[in-house]
Amino acid sequence: MQKEIILVKYGEIILKGLNRPIFERLLINNIRNALKNVAKADIEIAQATIYITPENISDTDIITDRLTKIFGIVSVTRAAVAKKDIEDIKAVALAYCSKALEGKSFKVEAKRSDKRFALNSPQICLEVGGYLHDNVKDLTVDVINPQVLVKVEVRDFGAYVYHTKIKGQGGLPIGSGGKASLLLSGGIDSPVAGYMMAKRGVELEAINFFSYPYTSERAKEKVIDLAKILSQYTSGMKLHIVPFTDIQLEIRDKCPEEHSTLLMRRFMMKISEKIARQNKSQALITGESLGQVASQTMPALHVTNSAVDMPVFRPLIGMDKDEIVVISRRIGTFETSILPYEDCCTVFTPKHPTTKPKLENILKSESLLEKNRLIDEAFAGVETITL
């Protein structure tokens, strides 16, 4: 069996100037965390490439899968290892690529970063391309739009041949953008919001509000499952589940119905801020999109924002539902999000919520509640799950 190595390329990190080593170390640490207890591998970095050599060749598939979910990586490539000798490179290229090439059009591209190698890049292309053309059945050359692109890299570490490159997540390594707390519901939007902020290097913790018995244990499990999917991209996270029933009942019994959604949102923000500060998060993240529902109009968002003193990030604010669903499907949360288990927001939705609220009116309704007691009791009942 041909010896393989995995080549990991990163993009935006290259632009970080003198801070680049910090981002590279973070990325390598995240790779190690993602592979911990899954597979053993040697990891080295040189020339803007991370070289990963599995200890057991049978682990290559699972390592590749884990790498494609790590932010900061733009591509993952399984490559055959050759000696830095043109005859060996030709032989390895034939053994490794022939099955993919049969009956196809192809082109060879070469990159020679080791300038001590006898042949330059065009010469490598001619040698390898000619050898493959002569030895692979029904193979044709197409330098404009080939069906298969064979790549040869001659680097300081060795020579590598490959024909398939897997797209990575891009973005920045988790931990490079600070830490924030995601208000995670069981819907489509909030998991996508968390994913998008994590892509910018933000370490996530998640907060969910649970209204038992008005919402079922299945609704809780649904949110845990969504957090598990997100944690594949974040190398793990904590999920804080907040008991919210008493607050919702008090709002229902003592406040105008049309204010109830915004009052619930304000309590959620206040409790989330308290949890966030305890866990050293620097911001809150929500899945709100402007105008999508009554609580997401500009006046309503102003009312919600005024409940807290820390930044609130809304990465979906300018997106429509179709755009959000596309990302949800791609990251694997959509099928879980559409399971028919209601969360606390949908159970207590008023028939006619206000869309143009005035802050002074909402605060007047809020004054009818024992705010501090309700927040403290909910905070005391938080259940934390480490994923």
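Where is the place of Val143? Val143 sits in the loop between β6 (140-141) and β7 (148-154). Strands are DSSP runs of E, at least two residues, and helices are runs of H or I, at least four, numbered from the N terminus.

This is a predicted model: local features need pLDDT of at least 70, side-chain atom pairs count only at pLDDT 80 or more, and totals for chains, interfaces and linings use all residues. Residues are numbered from 1 along each chain as its sequence is written, and side-chain values use heavy atoms, without hydrogens and water.

**View 1. Ser190 lies in helix α5 (residues 189-199).** Ser190 counts as buried because its relative accessibility is 4%. Buried means under 20% relative accessible area, exposed over 50%, and partly exposed in between (1.4 Å probe, protein chains only). Leaving aside neighbours within four places in sequence, Ser190 contacts Leu182, Leu183, Leu184, Ser185 and Gly287. Contact means heavy atoms within 4.5 Å.

**View 2. Helix α8 (residues 260-278) is mostly covered.** Of its 19 residues, 16 are buried. Just after α8, Lys280 takes a positive phi of about 65 degrees.

**View 3. The largest nonpolar core has 33 residues.** Such a core is a set of buried Ala, Val, Leu, Ile, Met, Phe, Trp, Tyr and Cys residues joined through side-chain atoms within 4.5 Å. Leu184, Tyr195, Leu239 and Ile285 have the most contacts inside this core. Elements that give two or more residues include β10 (179-183), α5 and β12 (238-243). A second, separate core has 29 residues, among them Cys255, Met264, Val308 and Met310.

Conventions: The expected span of a helix is 1.5 Å times one less than its number of residues.
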